[in-house]
Amino acid sequence: MTEGVATTRRSRITPEREAELYEAVLDLLREVGYDALTMDAVAARTRSSKATLYRQWGGKAELVAKAVRHHKPGRAAAVDTGSLKGDLHALILHADDCEMEQNSALMRGLAMAVHGNPDLLQAFREHLIEPELAELRRMLQRAVERGEVRADNPATGFVLHMMIGAFAARTLIDEQPPTQDFLLSYIDAVVLPALGV
C-alpha cells in the first residue's frame, strides 16, 4: 500500500466519528482496563471493522493514547490569563470534580499498564507527556517574560511532575479523589511558591 493510499483511507473518518470512537475507547478502558481492552471490543462497541481501527491507529497503544489526548486537548495552549497563577488555575477549572474523579481512576489504571507495555509508554510520551511539557514550557516562558518567574529557577523543570503528583497522590494519601479545591490549594501552597510566585 502506498503512502498516498494510506493517507486517503485515514482521512475518511470524520472528526465527529473520531470523537465517538475515542469516547467508546475511554468507556471500555474504565470498564475493563487496558490489559483486557481488545481491538475486537472497540470494533464491536463502535460498529467499526478491526481493519479500519488498525489502519487508522496501528494498534491498541496508539488508539488509547490518542483517545486520552483527545479527551484533554491542548488546554494549556489555549490558556493565557496574563498571570501564571491565573493560567494554572484555569487549567484546573477546565474539568469539574466528577470528571476529575473519572480521569483519576482512568489514569491510575493506565499508569499501571504503562509499566509493562513499552508501546503504550512510547505512545503516551508522544501524544500526552511531550505535548503537555511543551505547553507548560510555553506557559512558564510567558511567566518568565512577564517577570513572574526567574529564568534560572530550577523548579520550572518539575511543574508537570508536581501537578501529576498531586493528582495521583490525592487518592493514595487521603483516600479521596482530586478536586478543584484541592488542586487549586496545592498550586497556591506548593507549585507557585516553588516557582517564586
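Start by selecting N153, which sits in the loop joining helix 9 (118-146) to helix 10 (159-174). Keep in mind as you go that this is a predicted model.

**Stop 1: around N153.** Is N153 buried or exposed? Its relative accessibility is 7%, so N153 counts as buried, the limit being under 20%. Now show its side chain together with A155: the side chain of N153 reaches the backbone nitrogen of A155 at 2.7 Å.

**Stop 2: I13.** Move on to I13, found in the loop between helix 1 (3-10) and helix 2. I13 counts as buried because its relative accessibility, 17%, falls under the 20% limit. Which residues does I13 touch, not counting those up to four places away in sequence? Select E18, L21, T52, Q56 and W57 and you have them. Q56 deserves a distance label: I13 and Q56 are 43 residues apart in sequence, and their C-alpha atoms are 8.6 Å apart in space.

**Stop 3: the aromatic pairs.** How many aromatic pairs does a search of the whole structure find? There are 2. For one of them, select Y22 and W57, an edge-to-face pair with 5.7 Å from centre to centre and 65 degrees between the planes. This pair links distant parts of the chain: Y22 belongs to helix 2 (residues 15-32) and W57 to helix 4 (residues 50-57), with the two residues 35 apart. Y22 and W57 are both buried.

Next, select F182 and Y186, which form a stacked pair, 6.4 Å centre to centre with 25 degrees between the planes. Both residues lie in helix 11 (residues 180-194), 4 residues apart, or about one turn of the helix.

**Stop 4: a charge and a ring.** Finish by selecting K60 and Y34. Where does the charged end of K60 sit? Look over the ring of Y34, where the charged end of K60 is 4.2 Å from the ring centre.

Notes:
Residues are numbered from 1 along each chain as its sequence is written. This is a predicted model: local features need pLDDT of at least 70, side-chain atom pairs count only at pLDDT 80 or more; totals for chains, interfaces and linings use all residues. Side-chain values use heavy atoms; hydrogens and water are left out. Buried means under 20% relative accessible area, exposed over 50%, partly exposed in between (1.4 Å probe, protein chains only). A polar contact is a pair of N or O atoms within 3.5 Å; within protein, one must be able to donate a hydrogen and the other to accept it, and residues adjacent in sequence count only if both atoms are side-chain atoms. Rings of Phe, Tyr and Trp (its six-membered ring) pair if their centres lie within 6.5 Å; planes under 30 degrees apart count as stacked, over 60 as edge-to-face and the rest as tilted. A charge sits over a ring if NZ of Lys or CZ of Arg is within 6 Å of the ring centre and within 35 degrees of the ring normal. Contact means heavy atoms within 4.5 Å.
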